[in-house]
Amino acid sequence: MFESVLVANRGEIAVRVMATLRAMGIRSVAVYSDEDEGARHVREADVAVRLGPTPAHESYLHIERVLEAVAVTRAQAVHPGYGFLSENPAFVRACEAAGVVFIGPSVDAVEMMGDKVRAKAAVAAAGVAVVPGRAHADMDDRDLVDAAAQIGFPVIVKPSAGGGGKGMRLVRAPDELAGAIASARREAAASFGDDSLFVERYLESPRHLEVQILADHFGHIVHLGERECSLQRRHQKVIEEAPSPLLTERSRRALTTAALRVGEVAHYRGVGTVEFIVSAHQPEEFFFMEMNTRLQVEHPVTEMVTDIDLVEQQVRVAAGEALAFTQDDVRLDGHAVEARIYAEDPARDFLPTGGDLLYLREPRGAGVRVDSSLVRGVRVGTTYDPMLAKVIAHGVDRAQALARLDLALSDVVTLGVVTNTAFLRELIAREPVQRGELDTDLIARVLREEGRGHADPTETLECAAAFAVAHRLDVQRRASAASRFDVADGWRVGASAWTHHSLVSAEQASLEVAVAGTWRDARVRVGDDEPPVDVHCLDWRSAGPDVVELELRVRAQTLRVLVGQSGPLTWFARRGWTTWWRSSAPSRRGNDRVDHDGDVRSPMPGVVIQVAVHAGDVVSRGDPLLVVEAMKMEYPLRSPLSGRVVDLAVVAGDQVVLDQLVARVSAVEEPSSPRGEGE
């Protein structure tokens, strides 16, 4: 067995792998970039080595620097986690050349399954059905266009390398294809160092199922059941569960048998995942999509229903041990569901967020597990993948697992960093999800139908009211150091006057909030509602630097909330969701916000990767001006009106912050038509 293992990754997966290494008595070595110097995985490792600057290609993707860290720390093996170098055959070869054990499959298996084109050909030759499409090496843009026309729309453009939904583009019409190909190539190159693509038919309303397999060096191979991963957004999994509510015992046997056949074709060893597209109406009809030659993000649900530590099995197989159990020993117990917590704002079309984590609360309880990269005080940046943590719940059946997951998510508080937690709770409460009627388009369909992805708007009003109370409390605490008459809190001899606050939310919605009374009998009026929304502050206490915990009475309901202030921003968190408000000073009335119709602001912090126009160019409404990238996601910024570009404040490579002005377009009035004969 190894004495020391280097984890060539970051975030929650690095923390997760180190937990097993610690339990096995193996020294863990962390690596980090400059941005991650204070990250949790660095703090929890036995040894930590700096790789280089923040960009991944200069740190986590830099093979030579990773192997230098291996040499310096005398690690005997490398665990790649997922993403980054986990499916890079050049890295596997480099490890072998350096005499270091790569905790994963052979380089041949990585190459075969990492090349989606070659993988589909090999699997099809073995008798496993594959999705219709065209995939061959070095397809140029013209080849992709011709293939799409032959296959018929809709099609999906996919990278030949990598996985995790990165670089995938759904194309429903021919005029969308050129832009999708260009964007997919950029993202694939940035994520995997390889921009080769292929195209295949997009199956409407499919379900995404995958089978976990495990094999040793001695020809023993088993499956550990299947996982349902159909709840996806932009081809990225959001909720996963095991087992799938779709399959019968007969269809499960067919699916797992096909997965084992794929493992045999690849001469696989270690932990791997075989992914399939399955018809929701015909579970017996399934198509091979790809094989991920690494640990999956959703591996905890398999661990919870099998009671098998997959990281431990990876390490033992890599150390040359035979599997200690057979297929007959594998038992599935109960049901498990996992929710991925991302640094993204559902109210802003799920754009990446970030910031300083002012306060953290993670759930505990029966059947609940949290895999997390978070620690209070850490700064969540926008350079890497937006996933921060995973909350997993186990129950005797699916209903109990979903109920436990909802309760656990209600306890998540990430004050200072907006996440998708509220959306996750809303999603798993929906009737189709509760009934197990899933497909990969369900989330997109819900968002199209309802036009939103955020919490109930009544909670936004409660958020504003709670903010006003917290602001008032802050004013009163500061009053002790000044004359009572200098504090702008509405105090008068006799009854207190209403003090009005103009608020602007993260969604750029304006709101008028009025506060009156002392904190013990504070009243808050939102807008001009009649009757007013009344909030009474029952108690408040310090929960840390610049963080206050409030107990409020809102509409006959008692709420416990957390409020943190940092400069002009106030963060408010309750029952697993977070939002922020920017407040002007207390005033009589009015909103100081000024709108500029032609202003283009970045909807997220990130980096400008492309500028498509120049100052002076004439553009039409909707024309792309530039592209901002954050957390491996590209977001095009388009002209809000037809006119002329009068200002470009950024160039490619610039870092931008949330709401930073990046361009300005001035409307160009159409010349009036001259009057002539016949008018």
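This is a predicted model: local features need pLDDT of at least 70, side-chain atom pairs count only at pLDDT 80 or more; totals for chains, interfaces and linings use all residues.
Residues are numbered from 1 along each chain as its sequence is written, and side-chain values use heavy atoms, with hydrogens and water left out.

If you colour the chain by accessibility, buried residues make up 56% of its 679 residues; buried means under 20% relative accessible area, exposed over 50%, and partly exposed in between, with a 1.4 Å probe and protein chains only. Contacts, meaning heavy atoms within 4.5 Å, can then be sorted by sequence separation: among those between residues at least 6 apart in sequence, 63% join residues at least 24 apart.

**First stop: helices H4 and H5**

Select residues 89-97 for helix H4 and residues 107-114 for helix H5, which pack at an angle of about 175° with their axes 9 Å apart; axes are lines fitted to C-alpha atoms, for helices over the stretch in contact, and angles run from 0 to 180 degrees between N-to-C directions. H4 and H5 are therefore roughly antiparallel to each other, given that angles under 35 degrees count as roughly parallel, over 145 as roughly antiparallel, 65 to 115 as roughly perpendicular and the rest as oblique. To see the contact itself, show Pro89, Val92, Arg93 and Glu96 of H4 together with Val107, Val110 and Glu111 of H5. These residues divide into four nonpolar, no polar and three charged, where Ala, Val, Leu, Ile, Met, Phe, Trp, Tyr, Cys and Pro count as nonpolar, Asp, Glu, Lys and Arg as charged, and the others, Gly among them, as polar.

Move on to helix H6 (residues 116-125) and select Lys120 within it. Lys120 is buried, with a relative accessible area of 8%, and its side chain reaches the backbone oxygen of Val131 at 3.0 Å. Leaving aside neighbours within four places in sequence, Lys120 is in contact with Val130, Val131, Phe198, Glu200, Phe288 and Met289. A distance drawn from Lys120 to Glu290, C-alpha to C-alpha, comes to 7.4 Å, although the two are 170 residues apart in sequence.

Next select Lys158, found in strand S7 (residues 155-159) and also buried, at a relative accessible area of 9%. The side chain of Lys158 makes a polar contact with the side chain of Glu200 at 2.7 Å; a polar contact is a pair of N or O atoms within 3.5 Å, of which, within protein, one must be able to donate a hydrogen and the other to accept it, and residues adjacent in sequence count only if both atoms are side-chain atoms. Not counting residues up to four places away in sequence, Lys158 touches Met168, Ser196, Leu197, Phe198, Glu200 and Met289.

Select helix H7 (residues 141-151) and helix H8 (residues 177-192), which pack at an angle of about 130° with their axes 11 Å apart. That angle makes H7 oblique to H8. The contact is made by Asp141, Leu144, Val145 and Ala148 of H7 and by Leu177, Ile181 and Arg185 of H8, and by class it has five nonpolar, no polar and two charged residues.

Asp194 is partly exposed, with a relative accessible area of 30%, and its side chain makes a polar contact with the side chain of Ser196 at 2.8 Å. Beyond four places in sequence, Asp194 touches Ala161, Ala188 and Ala189, and its C-alpha atom is separated by 8.0 Å from that of Ser160, 34 residues apart along the chain.

**Last stop: Gly367 and His394**

Finally, select Gly367 in the loop between strand S19 (359-361) and strand S20 (368-372), where it is partly exposed at a relative accessible area of 28%. Apart from neighbours within four places in sequence, Gly367 is in contact with Met304, Ile392, Ala393, His394 and Arg404. From there, step to His394 in strand S22 (residues 387-395), which counts as buried at 15% relative accessibility. The side chain of His394 reaches the backbone oxygen of Asp333 at 2.8 Å, and among the residues that His394 touches, not counting those up to four places away in sequence, are Met304, Gly334, His335, Gly367 and Arg404.

Note on methods:
Helices (H or I, at least four residues) and strands (E, at least two) are DSSP runs, numbered from the N terminus.
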